[in-house]
Amino acid sequence: MHRSLEPKHAALRIGVYALLVVVAAALLAACGNDTNANTDGTTNGTSSPKVIKIGSLWPLTGPVAKIGQECVQVVEMAVDEINAQGGIKSMGGAKLEIVSGDTGSAPDIGLGEARRLVEQEKVDIITGTYQSTVAIPVSQYCERARVPFLVGIAAADVITESGLQWTFRTAQTTHNYGKGQVELAVALPTLVEGGAFPEVKTAAVLWENSEFGQAVHAANLTYLVQHHIEVVADVSYDAMSPDLTTQVSRVKAANPDVVLTSTWLNDAILIRRARAKLGMEQPFIDAVGGTSVDSFGEDLGPLADGQLLMTDFEPETANEAGQQAYNDFKEQYRGDFSSYATAYQGIYVIAKALENAGSTDPDKLQAALVNVKLVAADGDKIILPMDTLQFDEKHQLKSEPLGVQWQNNVMVPVFPDAYAKYPVLLYNE
Amino acid sequence: MKLLQLSSHVLVQALIDGLLYGGLLALVAVGVTLIFGVMKIINFAHGEFLMVGMYIAYFLVAGAGFNPYLTIVVTIPAVALMGVLIFKGTLSRILSDPPMNQIMLTLGIGMILRNLALLVFHGDVRTIRSEWPDAHFNLGDAVVGTPHVVAFAGAVCAALGIAYVLRRTDIGRGAIAAAQDATAAALVGVSVRRVYMFAFALGSATLGLAASLLVAYQGVTPTAGAYLGIMAFLVTVLGGIRSILGCFLAGLVIGLAADIGAAVFPGTLSQGFTLCIFILVLIFRPQGLLSRRQA
């Protein structure tokens with residue numbers, strides 16, 4: 001009896017110590033927060049800052065470094081425009097300044113950079129990231145640090161589905177792309193020239209097996225069921241695979257009416273090549289993936305023609321402001337603006353929220369973002385295909401993706417009706 | 001369940017694709033097998049050597065208008081030379097160090113090469129503009145990619161060539177002797193260091209060949225070699241670490257497993273199939289497909 005009590009005592013003692021440490025840490029943390037809040041409050045109370053720092057987090061090194069650098073260019077272009085037009089007027093013409101961080105495509109590096117931007121650079125708001133895997137830890141950090149985070153490109157549903165108060169997103173959700181693919185498939189009979197396409201009754205889904213592909217696939221299945229379309233083949237693959245002929249031949253054997261895919265670039269090219277080799281005639285509808293990149297058309301040439309996909313922005317149907325931004329970016333940086341339109345729009349959303357808040361006080365800025373509303377008719381800059389721009393209750397931009405098709409080696413808008421300038425063409429092998 | 005229905009067309013297509021893919025895997029793995037068999041060093045930069053070769057081949061095709069297959073006259077010596085320089089500059093200095101040091105060194109070389117490629121070429125996928133990537137012919141209902149067949153033939157030639165060199169040339173026999181017992185080989189006059197360098201160069205040269213064959217139908221990225229590099233280790237282990245024939249058979253097994261898995265199983269299960277085969281072989285034949293159990 002006596003002996004058996006001893007370890008218990010020891011355990012109890014350790015428990016008490018541990019509790020003390022936790023309480024002390026919590027107290028320290030609370031004090032830290034308080035002092036932060038106080039200093040912030042006083043600076044804001046005395047005078048408006050002349051410069052508003054926007055942290056920008058993109059992958060500047062690593063496999064998508066080039067994309068990350070173009071993201072920075074897009075964001076800087078927007079900031080330059082806003083500054084040239086007099087900055088944030090409600091704050092005495094305060095100028096915006098980009099403070100750049102490099103996520104290196106890695107969640108831990110991205111998180112470290114977010115920390116640096118907030119704690120050392122004292123940015124007022126953060127925008128980024130390209131990858132969802134990076135956006136997730138950054139969004140959680142911003143929630144704790146009470147710094148608004150505006151997601152410009154990362155598309156994973158979970159980012160705005162987990163009820164975070166400080167995270168906002170101008171990019172589409174993966175779910176939306178997956179939904180758009182099915183809606184485009186259903187509308188094909190009305191979109192194809194001459195009504196030569198029969199009602200879609202069966203579909204195949206072909207998806208790369210990372211988080212992105214899985215999310216698109218899940219949305220595909222949900223909406224296919226809703227539209228009573230039978231899934232006759234469900235094939236996934238590793239995006240690094242050097243060949244996908246077997247996978248595509250499996251899709252072909254199931255003889256679906258349409259094929260829905262989610263891809264990165266290399267696999268998108270392999271699928272397109274396999275489709276041609278196997279002589280498939282069905283239309284392939286991709287989520288925003290590899291088929292949306294310029295090099296898809298450059299590498300495949302005429303083989304790219306016929307590919308359908310979902311996207312956020314398309315210059316031909318874009319409003320005047322959108323076309324202007326598209327052309328400016330092409331002229332200044334020679335890049336493709338379309339892939340980064342949501343990041344560019346994000347800066348204008350931030351500017352509008354700052355204008356409304358009249359302050360960089362985190363709580364006021366957060367509230368201003370929740371209620372932000374851009375109206376094109378009132379002179380607010382909206383480049384995405386919509387007349388008013390607002391977040392929903394989850395802080396997610398309310399929008400629908402556009403359907404485009406590669407025709408004569410360029411992407412042209414085909415869906416939905418309001419933006420469909422071209423009929424869908426069937427390129428039968 | 002319509003999802004699980006298996007059409008014979010698909011199975012035939014999978015068999016052909018799997019076989020051809022397997023040959024390519026064997027070609028990439030044969031260098032690992034050779035280098036490990038002789039030197040007991042695993043070159044973790046193997047995939048990156050392949051990637052460098054692919055960039056060389058790509059730029060010869062895109063910049064100088066080479067036929068992709070003609071690039072072998074440059075890629076084979078270039079990658080072999082890279083192997084020699086890396087061997088002389090780094091590996092040869094730590095041959096008697098603990099294996100962990102050697103692993104760290106080759107891992108590090110791989111990372112440096114991959115990130116250098118990222119720095120210089122970015123992550124873009126580069127594909128040659130040529131009729132080769134789309135060249136194909138029909139075999140019954142199946143479609144066979146011509147460059148895939150060429151790659152397979154190249155793999156067979158490489159394996160036969162290496163087997164010939166090992167059996168019939170002095171330096172090859174020296175390599176086998178050094179592999180069996182380096183000290184004894186040195187005592188009978190084999191220059192072990194020279195034999196090691198030769199093995200490393202020959203192993204690297206196979207990657208130069210693989211690079212040219214791959215560029216004919218594959219895009220090049222800084223990570224292009226990483227995936228095949230990992231698969232090559234799988235193949236090497238499966239084949240029994242020092243058998244060229246075993247390595248080739250193992251390549252075919254892994255290739256077939258990958259494609260049949262993709263043809264038969266739904267969703268992501270298909271990718272697990274290859275690894276299941278791999279684990280089963282490890283359990284029942286831990287010494288590899290062809291090797292005899294070591295005493």
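A: Helices and strands here are DSSP runs, numbered from the N terminus; a helix needs at least four residues and a strand at least two. The model is predicted.

Start with A:His395. It is found in the loop of chain A between strand 12 (388-390) and strand 13 (402-407). Its phi is positive, about 70°, although A:His395 is not a glycine. Is A:His395 buried or exposed? A:His395 counts as buried, because its relative accessibility is 5% and the cut-off for buried is under 20%.

Next comes A:Asn408. Its place is in the loop between strand 13 and strand 14 of chain A. A:Asn408 is another residue other than glycine with a positive phi, here near 50°. Its setting is exposed, at a relative accessible area of 66%. So A:His395 is buried, whereas A:Asn408 is exposed.

Chain A also has cis peptide bonds. One runs from A:Phe415 to A:Pro416, with omega near -10°. A:Pro416 is placed in the segment after strand 14 (410-415). Another cis bond links A:Gly128 to A:Thr129, with omega near -20°. A:Thr129 sits in the loop between strand 3 and helix 4 (132-145) of chain A.

Now the charged side chains. Side chains of opposite charge can pair when their charged atoms come close. Over all chains, the structure holds 13 salt bridges.

Take a loop residue of chain A. A:Glu121 pairs with A:Lys53 in a salt bridge, and the closest N and O atoms are 4.0 Å apart. A:Glu121 lies in the loop between helix 3 (107-119) and strand 3 (125-128), while A:Lys53 lies in strand 1 (residues 51-58), so this pair ties together parts of chain A that are 68 residues apart in sequence. A:Glu121 is partly exposed, at 26% relative accessible area. A:Lys53 is also partly exposed, at 24%. The pair belongs to a network of salt bridges that links A:Lys53, A:Glu113, A:Arg116 and A:Glu121.

B:Arg129 forms a salt bridge with A:Asp299, with 2.8 Å between the closest N and O atoms. B:Arg129 lies in the loop between helix 4 (99-121) and strand 1 (136-139) of chain B, and A:Asp299 lies in helix 10 (residues 294-300) of chain A, so the pair joins two chains.

Compare a pair inside one helix. B:Asp170 and B:Arg173 meet in a salt bridge at 3.6 Å, N to O. Both lie in helix 6 (residues 170-180) of chain B, 3 residues apart, or about one turn of the helix. B:Asp170 is exposed, with a relative accessible area of 65%. B:Arg173 counts as partly exposed at 43%. B:Asp170 can also be placed against B:Val195: 25 residues separate them in sequence, and 10.0 Å separates them in space, C-alpha to C-alpha.

Last, the surface of chain B. B:Leu275, B:Ile279, B:Leu280, B:Ile283 and B:Phe284 form a nonpolar patch there, with about 530 Å² of accessible area together. B:Ile283 belongs to helix 11 (residues 269-284) of chain B. B:Ile283 is exposed, with a relative accessible area of 54%.

Terms used
Residues are numbered from 1 along each chain as its sequence is written. Chains are lettered from A and ligands numbered from 1 in the order in which they are written. This is a predicted model: local features need pLDDT of at least 70, side-chain atom pairs count only at pLDDT 80 or more; totals for chains, interfaces and linings use all residues. Side-chain values use heavy atoms; hydrogens and water are left out. Patches are made of residues with over 30% relative accessible area and no salt bridge: like charges are joined within 9 Å, nonpolar side chains (Val, Leu, Ile, Met, Phe, Trp, Tyr) within 5 Å. Accessible areas come from the Shrake-Rupley method with a 1.4 Å probe; for residues, only the protein chains shown count as cover. A salt bridge is a side-chain nitrogen of Lys or Arg within 4 Å of a carboxyl oxygen of Asp or Glu. Buried means under 20% relative accessible area, exposed over 50%, partly exposed in between (1.4 Å probe, protein chains only).
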